[in-house]
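Q: Could you take me through how to read a fold, a cavity and a surface patch in a structure such as this one?

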Amino acid sequence: MKKFVFAISVLTFAMYSCEEKVKETPRSIPSPEKVELLKPDLEKQAEDLKEKGYQAFLYKEGDSTYLMQQYYMVFLKSGENRSQDSLETAKLMEGHLAHLNRMATEGYASLIGPMGDDGELRGIVVYQTPTQQEADSLANMDPMVKAGRLKVEIHPWWTEKGGKLK
């Protein structure tokens, strides 16, 4: 049953996260002239984020300026109540995946996925919310968390706004 649930999780994650494949282009360092043109735009974006309650700042390195934003990394861990039968577990998994899909669709979560082993850490969700309390509230709405099958551990995490995995 664990392999079945894991396979469904991986397939669902792949389906939602790979809806559109984008060709990777190497990241180039903008010329000083382009950086100067980007600065006011980045400053405005940082101000807009701060006005909405997000933590953000500009980071300068050489000729480059980066807009950094704080996100909340939620570690989904094995909970205390994992005694559900296979039918109840399947229903919880369906609700769990619907919840994660909703979080992604509504723009609250930007990176979601299960772990590749059968350890205590079951998955990761990166929330884009102004506060840790909001990320905690959204993470605890997950049916798997409500049922005690999963528990959450939340940490603030900084990365470049609009960054992506390579």
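Q: How many helices and strands does the protein chain have, and which pattern does the chain follow?
A: Bear in mind that this is a predicted model. The protein chain has five helices and five strands, and reading along the sequence gives the pattern α-α-β-β-α-β-β-α-α-β. Of the 166 residues in the protein chain, 33% are buried.

Q: How many cavities of 30 Å³ or more does a search of the whole structure find?
A: The general idea is that empty space left between atoms is shown by rolling a probe the size of a water molecule over them. Here the search of the whole structure finds one cavity of 30 Å³ or more, and the space in this largest cavity is about 30 Å³.

Q: Which residues line the largest cavity?
A: The lining is made by Val74, Leu76, His99, Leu100, Val125, Tyr127, Ala139 and Asp142. Strand 2 (64-78), helix 3 (86-105) and strand 4 (121-127) are the elements that each give two or more residues to this lining.

Q: Which residues make the nonpolar surface patch of about 280 Å²?
A: The patch is made by Phe57, Tyr59 and Trp158, and Trp158 is found in strand 5, which covers residues 150-160.

Q: Why does tryptophan 158 count as partly exposed?
A: A residue is called buried under 20% relative accessible area and exposed over 50%, with partly exposed in between. Tryptophan 158 has 35% relative accessibility, and therefore counts as partly exposed.

Methods. Residues numbered from 1 in each chain as written. Predicted model: local features only at pLDDT ≥ 70, side-chain atom pairs only at ≥ 80, totals over all residues. Heavy atoms only, no water. Patch = residues over 30% accessible without salt bridge, like charges linked within 9 Å, V, L, I, M, F, W, Y side chains within 5 Å. Areas by Shrake-Rupley, 256 points an atom, 1.4 Å probe, with all protein chains shown as cover. Salt bridge = Lys/Arg side-chain N within 4 Å of Asp/Glu carboxyl O. Helix = DSSP H or I, 4+ residues; strand = E, 2+ residues; numbered from the N terminus. Buried < 20%, exposed > 50% of the residue type's maximum accessible area, 1.4 Å probe, protein only. 1 Å grid on protein atoms, 1.4 Å probe; cavity = no way out; pocket = protein on both sides within 12 Å on 5 of 7 lines; lining within 4 Å. Points joined across faces, edges and corners; volume = space filled by probe spheres on them.
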